[in-house]
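Hello,

Here is the structure for your files. My notes on it follow below.

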Amino acid sequence: MKKVLLIASSIALLSAMSATVSADGAALYQAKTCWSCHGKDAKTPILPIYPKLAGQNAGYALNQMKDIKSGARANGQAAAMQGVMGLVNDAEMKEIADWLSSLK
Ligand code: HEC
């Protein structure tokens with residue numbers, strides 16, 4: 001029984017790992033609902049006080065995501081975004097940041 005559980009959990013772990021590796025930033029941006037505030041093209045936010053993200057420097061974008069997630073950045077409308085940040089881990093944030101920086 002223990003063995004079966006162990007095998008099952010390693011399969012789950014493996015598929016979780018491959019999902020992280022294969023999912024690209026664009027897909028994550030859709031799946032994690034980022035588009036619902038920042039716009040599908042990442043430059044048409046739903047409110048004019050929400051930021052455009054397309055073309056942003058990857059390192060800067062990643063740091064802002066981390067800070068909003070942790071609460072270190074709580075200025076402006078950051079609280080609106082904090083709720084969804086539980087959906088993304090560091091690797092996923094980096095994937096999204098890299099993709100955002102590749103946009104024009
Ligand atoms: C509920 C709306 C909402 C959702 C969903 C949301 N954001 Fe945001 N995001 C905001 C707002 C509002 C700000 C600006 C906060 C402020 O006023 O300082 C922001 C700021 C940012 C910034 C910093 C921009 C800058 O120029 O400093 C990045 C990067 C970002 N969001 C990425 C994401 C990503 C990636 C996701 C999905 C995981 C996401 N956001 C989901 C509303 C949202």
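Where does Gly71 lie? Gly71 is in the loop between H4 and H5; helices (H or I, at least four residues) and strands (E, at least two) are DSSP runs, numbered from the N terminus.

This is a predicted model: local features need pLDDT of at least 70, side-chain atom pairs count only at pLDDT 80 or more, and totals for chains, interfaces and linings use all residues. Residue numbers start from 1 along each chain as its sequence is written.

Chain. The chain has six helices and zero strands, in the order α-α-α-α-α-α from the N terminus. Of its 104 residues, 18% are buried (20 or more other C-beta atoms within 10 Å of the residue's own; exposed means 12 or fewer, partly exposed in between; C-beta atoms are placed from the backbone).

Gly71. Gly71 counts as exposed because 11 other C-beta atoms lie within 10 Å. Its C-alpha atom is separated by 7.5 Å from that of Gln82, 11 residues apart along the chain.

Ligand. The ligand is surrounded by 21 residues (C-beta atom, placed from the backbone, within 6 Å of it). The closest are Cys34, Cys37, Gly76, Gln77 and Met81. At least two residues of this shell come from each of H3 (35–38), H4 (58–70) and H5 (78–82). By type, the shell has 13 nonpolar residues, seven polar and one charged; Ala, Val, Leu, Ile, Met, Phe, Trp, Tyr, Cys and Pro count as nonpolar, Asp, Glu, Lys and Arg as charged, and the others, Gly among them, as polar.

Regards
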